[in-house]
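Trainee: I am new to this structure. Please take me through the surroundings of the ligand, and the strands that go with them.

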Amino acid sequence: MENPACILEELKQFVVHDALPTVYYIPDFISEDEESYLLQEVYKSPKTKWTQLSGRRLQNWGGLPHPKGMLAEKIPDWLQAYCEKISSLGAFSGKMANHVLVNEYKQGEGIMPHEDGPLYHPTVTTISLGSHTLLDFYTPISSLEDAVPQTEENRYLFSLLVRPRSLLILQDDMYQRLLHGIQACAQDTLTDKVVNLSAAGAVSGEKLTRDTRVSLTIRHVPKVLKTKLILGRK
Ligand SMILES: O=C(O)CCC(=O)C(=O)O
């Protein structure tokens, strides 16, 4: 079935207006039962599916994105259901999500500021499981000479609080212009720089202790290689 070519009207209530265009933060997108089921499936995956990186480990599903095209692999049913659910919201301009990264962050782990880049349709959608985190946003390093040193601190703009079971959708400037990252720390003190405090049911000054967080980053890779099945002769 065709997915809608733009984000559903019902989702507009979830836009975070104090960020750049466009952030949708949808609390309780999945139930506690779905969260437990997804975590169970993540941890049931073969050990060989995990890649250990410095500061987190991940599972890649759907194939490896490549400038020449991704050699597509079947996404397991437990993830495919969420690819379909999110695509049916119109998150990928009518296309079907075909790539999922599962990231696991133990308490105190994070991810360096980065861009997701041009191999993906410029929308990233993330379901959080197990723990909250703060996703921090930065301006990129400018090539222009500047009197102000371009430290990470100076380039920091604002953060989003993502609670377990929420869905986050980033598009437009939030995807194309800013870098995002997660500080490697065990506890977050919320400030007014967290631009979705009320939508996430939090207040400035609150301290939140992190636990292990698993995120499902669901995207669409437009360039896919068509593979021919080579069948052996009888
Ligand atoms: O865990 C997250 O929410 C962010 C993941 C991320 O930025 C990535 O995998 O590129």
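Mentor: A definition comes before the sheets: two strands pair if DSSP finds at least two bridges between them. Keep in mind that this is a predicted model.

Start at the ligand. The residues around it are L101, N103, I111, D116, T126, L135, H180, S215 and T217. By kind, this shell divides into three nonpolar, five polar and one charged. Two strands, β5 (99–105) and β14 (213–219), each supply at least two of the shell residues.

Look at β5 next. Five of its seven residues are buried, so the strand is mostly covered, a residue being buried if 20 or more other C-beta atoms lie within 10 Å of its own. β5 runs antiparallel to β14, and seven bridges join the two. In that pairing, V100 stands opposite I218 in β14. β5 also pairs with strand β3 (residues 56–61), again in the antiparallel sense, over five bridges. There, Q59 stands opposite V102 in β5.

Now turn to an open sheet of four strands. Its order is β6-β11-β8-β9, and the pairing is antiparallel. β6 (111–114) and β9 (156–162) stand at the edges. Each has a single partner strand, so one side of each is left without a neighbour in the sheet. From one strand to the next, the twist averages 20°.

For β6, take the pairing with strand β11 (residues 179–182): the two run antiparallel and are joined by two bridges. H114 stands opposite H180 in β11.

Terms used
Residues are numbered from 1 along each chain as its sequence is written. This is a predicted model: local features need pLDDT of at least 70, side-chain atom pairs count only at pLDDT 80 or more; totals for chains, interfaces and linings use all residues. A residue is near a molecule or strand if its C-beta atom, placed from the backbone, lies within 6 Å of it. Ala, Val, Leu, Ile, Met, Phe, Trp, Tyr, Cys and Pro count as nonpolar, Asp, Glu, Lys and Arg as charged, and the others, Gly among them, as polar. Axes are lines fitted to C-alpha atoms, for helices over the stretch in contact, and angles run from 0 to 180 degrees between N-to-C directions. A residue is buried if 20 or more other C-beta atoms lie within 10 Å of its own, exposed if 12 or fewer, and partly exposed in between; C-beta atoms are placed from the backbone.
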